[in-house]
Amino acid sequence: MNARVEHLVTSGTFSLDGQTFDVDNNVWLIGDDDEVVVLDAPHDVDAIAAAIGSRRLLAVVCTHAHDDHVRRAPELAERFSTEHHRVPVLLHPADREVWELTNPAVPTTDLVHGEVVTVAGAELHVLHTPGHTPGSVSVYAPSLGTVFTGDTLFAGGPGATGRSFSDFGTIVDSIRDVLLELPPDTRVLTGHGGSTTVGDEAPHLDEWIARGH
C-alpha cells in the first residue's frame, strides 16, 4: 500500500441563511502516484486539479453539502471524467436538500454508512456523523491512522450547529458514539484549520456538552 495524504487550502465564501462569510477550507487528497480520491471540492477548481495532476480521479467525496465544501465538485468531476470513467460525486442522501441549495438538479451518487472506498490500497470507511448537517460523514482510513471529519469535529470541539439543517445534540451523539470510539492516536484531519487526535479531544466531551455549542 502506497497511499498517502496530501493537503491543499483554498479560500472563498460560505453562505447560508442569508449570511456570507469568508472561509479557508482544507482539501484532502488520498492516493498514490497513479490514482487519488478528493475529499471536498471548494472554491478553486484549478488549484485542486493541479494537485491531482495526471492521476486518475476515482471519486469526489463530500463530507457534507455546505456550499464551501461542494461548490466545485461537479466541475471537478466533469473535468477528470472520460468516456470510460465517469468520476462520481459521492454524497450522503440525507444531505440532498442542502446540496440542492448550491447545485440544483445536479446528480450525485449515494454515499452510505459502512461503505468502503478503496484507493491506492487504502480502505476509506464511511461513517455517518450527522449534526452539522443531516448527511455529514467522516472518512476513516485505518491503514493511515487517520479520520477526516469534515465539519463534525475540530481541534477544540464540535462543528457549528447554529444554522439551518444542524442540531447540537445530534453532533454530540456522532462524536461520542462514532468518532471517539476510534483509537486514541487516530489523527483527526478537519474541514477547516489544524489537525488534532481522537485522544486529545476525548477528555473534553463533557465540557462541550456543558458549553452547549
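Author: Two strands pair if DSSP finds at least two bridges between them. Strands (E, at least two residues) and helices (H or I, at least four) are DSSP runs, numbered from the N terminus. The model is predicted, so to speak of local features takes a pLDDT of at least 70, side-chain atom pairs count only at pLDDT 80 or more, and totals for chains, interfaces and linings use all residues. Residues are numbered from 1 along each chain as its sequence is written, and side-chain values use heavy atoms, with hydrogens and water left out.

Start with the sheet that holds strand 1. It is open and has six strands, in the order 1-2-3-4-5-6. The pairing is mixed. Two strands form its edges: strand 1 (4-16) and strand 6 (109-110). Each of these pairs on one side only.

Go in from strand 1. Its neighbour is strand 2 (residues 19-31). The two run antiparallel, and 13 bridges join them.

Touching, or contact, means heavy atoms within 4.5 Å.

Look next at strand 3 and strand 4. They pair in the parallel sense, over five bridges. Val-37 stands opposite Ala-59 of strand 4. Of the six residues of strand 4, five are buried, so the strand is largely enclosed by the rest of the structure. Buried means under 20% relative accessible area, exposed over 50%, and partly exposed in between (1.4 Å probe, protein chains only).

Follow the chain out of strand 3. A loop leads from strand 3 to helix 1, and Asp-40 lies in it. His-43 is found in that loop too. Most residues other than glycine have a negative phi. Asp-40 has a positive phi, near 75°. His-43, also not a glycine, has a positive phi of about 65°. Asp-40 counts as buried, at 2% relative accessibility. His-43 is buried as well, with a relative accessible area of 9%.

Turn to the other sheet, the one with strand 7. It is an open sheet of six strands, ordered 7-8-9-10-13-14, and its pairing is mixed. Its edge strands are strand 7 (116-119) and strand 14, and each pairs on one side only.

Take its pairs in order. Strand 8 (residues 122-128) and strand 9 (residues 137-141) pair in the antiparallel sense over four bridges. There, His-125 has Tyr-140 of strand 9 as its bridge partner. Strand 10 (residues 146-150) and strand 13 (residues 187-190) pair in the parallel sense, also over four bridges. Val-147 stands opposite Val-188 of strand 13.

Strand 13 and strand 14 (residues 196-197) run antiparallel and are joined by two bridges. The two form a hairpin, with five residues between them. In the turn, Gly-193 has a positive phi of about 80°.

Ser-174 sits in helix 5 (residues 168-177). It is buried, with a relative accessible area of 5%. Leaving aside neighbours within four places in sequence, Ser-174 is in contact with Thr-129, Pro-130 and Leu-179. Ser-174 and His-128 are 46 residues apart in sequence, and their C-alpha atoms are 7.9 Å apart in space.

Arg-211 belongs to helix 7 (residues 205-211). Arg-211 is partly exposed, at 39% relative accessible area. Not counting residues up to four places away in sequence, Arg-211 touches Gly-156, Gly-157 and Pro-158. Arg-211 and Ile-175 are 36 residues apart in sequence and 15 Å apart in space, C-alpha to C-alpha.
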